[in-house]
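Q: Could you take me through a protein model feature by feature, giving the general idea before the particular case?

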Amino acid sequence: PTAAMKFDKKMEDVNWDFKVTDRYMEELNKLLAKIEADKKKNEELEKKFNELVAAGDKAAALSSPDFATAITSYEEALKLKDDPSVKTKLDATKEKQQLAEANKNKEQQYKEFIDKADKAFAAKDYAFAKTQYQEALKVKTDPHPTKRITEIDVLITAQIEADKKYNEFLANGNKQLQDKKFDEAIKSFQEAGKLKPAEQEPKDLEAKARSEKDAVGKKETEYANLIKQADADLKAGKFEAAIESYKGALNIKDDPYPKAQIEIAKKKNEDAAALEATRIEKERIDKEYAVLIVKADGELAGAEYDKSISTYEAAQLLKPKEVYPPAQIEKAKKLKKEAEDLAKANEAKDKLEKDYKDLIDKADAAFGNKEWDKSIADYEAAKLLKATEKYPAEQIIKAKAEKKKEEDLAKEEEAKK
């Protein structure tokens, strides 16, 4: 309707209300405006879609393709409109990106091997350098590592020969030094140093040879002084001092004279000390015996049976007629046996617990790895050790159930085939 009408009885005429018409026209205009807006929006979306696709095509077509930009552009375009051709472009670009990344990684890996090899080569670490050049060739064939490997083989051969001569000079020098042939040793160490000037060892050994050569001269003087002092002490009755001086001389040079003089000094010292020694010995035995008994009693009280037995035996050796040490030895042996019996019982119990736990751990690990037969066997073994434990029996049931599930599933899969 375009208008509303109402009949007026008084006027005997019809009244028209055109407000209805106005309302309908307003709604119509709103609908037309929405249609126009939707059309404009779709046009803008289509424009944006085409721009994104074009941007993706451009990025992908560069001499050094910008795959990230291309992929982002295609993905944003597909958010606006589902287009099969753009999907194809996106997939192809991703595949190209992956290939480019793989090539980049390969080149980076090659560079890393070459960098390590070149540094090792410069440092003359030829063995390591060769392995790195070989690894680089596995990544990419290139003249540089091939050339370097050839160079290294030549250098290693020369190095081996130089090392052989170097080691021979060092070995000869050490032997000559051991034989006190100082001048010959010094010459050998100098020759080794010429072959490897950077090595410190030949320098140190040469210095050692020179030092020992100088020390020999000093020791001769020291030896003569010690003999003179020892002879004077022996004449004065200072036997212990004389013996020490003669021993000092022997440490410098193995010579018959100080050896013979030591024996003379010892005999004179023994004769002079004989009477005093007898008195001191008895006093010593009494004191040592008392100390050993106190010590042994303490060790026995502390359950140190072997120690106490050894100590009582030592005391018994000092005084064989004493009855206390042998009685205590028997007592210690008895207590030791009782303790060992108890320890063995505890050890057997601990072993049972450990064996049981080890079997359970192995069974649980096999169960976790779905090795059902192995887990069942270990649980069975554990159950034999501790028959009253519920856990192994429960796990055996579980393992058998899980094994059956797998077997049933395998049969189903086989049937499907």
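This is a predicted model: local features need pLDDT of at least 70, side-chain atom pairs count only at pLDDT 80 or more; totals for chains, interfaces and linings use all residues.

Q: How many helices and strands does the protein chain have?
A: Helices (H or I, at least four residues) and strands (E, at least two) are DSSP runs, numbered from the N terminus. The protein chain has 13 helices and two strands.

Q: How does the radius of gyration of the protein chain compare with that of a compact globule?
A: The radius of gyration is taken over C-alpha atoms, and the globule rule is 2.2 Å times the number of residues to the power 0.38. For 417 residues, a compact globule would come out near 22 Å, whereas the protein chain has 52 Å. Along the principal axes, the C-alpha atoms fill a box of roughly 175 × 75 × 60 Å.

Q: What share of the residues counts as buried?
A: Buried means under 20% relative accessible area, exposed over 50%, and partly exposed in between, with a 1.4 Å probe and protein chains only. Of the 417 residues of the protein chain, 23% count as buried. Ala272, in helix α9 (residues 256-301), is exposed because its relative accessible area is 56%. Glu313, placed in helix α10 (residues 305-318), is partly exposed, since its value is 36%; its C-alpha lies 7.7 Å from that of Pro326, 13 residues apart in sequence.

Q: Which residues are in contact with Ala366, leaving aside its neighbours within four places in sequence?
A: Contact means heavy atoms within 4.5 Å. With those neighbours left aside, Ala366 is in contact with Glu371, Lys374 and Ser375. Ala366 is found in helix α11 and counts as buried because its relative accessibility is 4%. Ala366 and Ala399 are 33 residues apart in sequence, and their C-alpha atoms are 9.8 Å apart in space. For the protein chain, residues 24 or more positions apart account for 45% of the contacts with a separation of 6 or more.

Q: How should I read a pocket, and what is the volume of the largest pocket?
A: Rolling a probe the size of a water molecule over the atoms shows where empty space is left. A pocket, on a 1 Å grid over the protein atoms alone, is an open set of points where a 1.4 Å probe fits, with protein on both sides within 12 Å along at least five of seven lines, and lining residues have an atom within 4 Å of a point. Grid points are joined across faces, edges and corners, and a volume is the space filled by probe spheres set on the points. The largest pocket holds about 220 Å³ of space.

Q: Which element gives the largest share of the lining of the largest pocket?
A: Helix α7 (residues 201-235) gives the largest share, six residues. Among the lining residues are Lys180, Phe182, Glu212 and Tyr223. By class (Ala, Val, Leu, Ile, Met, Phe, Trp, Tyr, Cys and Pro count as nonpolar, Asp, Glu, Lys and Arg as charged, and the others, Gly among them, as polar), this lining divides into five nonpolar, no polar and five charged residues.

Q: What is the volume of the second largest pocket, and which residues line it?
A: The second largest pocket has a volume of about 160 Å³, and its lining includes Lys124, Tyr126, Ala158 and Lys196. Helix α5 (residues 143-178) supplies the largest share of that lining, five residues, and the classes are four nonpolar, one polar and three charged. Ala158 is found in helix α5 and counts as partly exposed because its relative accessibility is 48%.

Q: How should I read phi, and what is its value in Lys180?
A: Most residues other than glycine have a negative phi. Lys180 has a positive phi of about 65° although it is not a glycine. Lys180 lies in the loop between α5 and α6 (182-195) and is exposed, with a relative accessible area of 53%. Lys370 also has a positive phi, near 65°, and is found in the loop between α11 (324-368) and α12 (372-385).

Notes: Residues are numbered from 1 along each chain as its sequence is written. Side-chain values use heavy atoms; hydrogens and water are left out.
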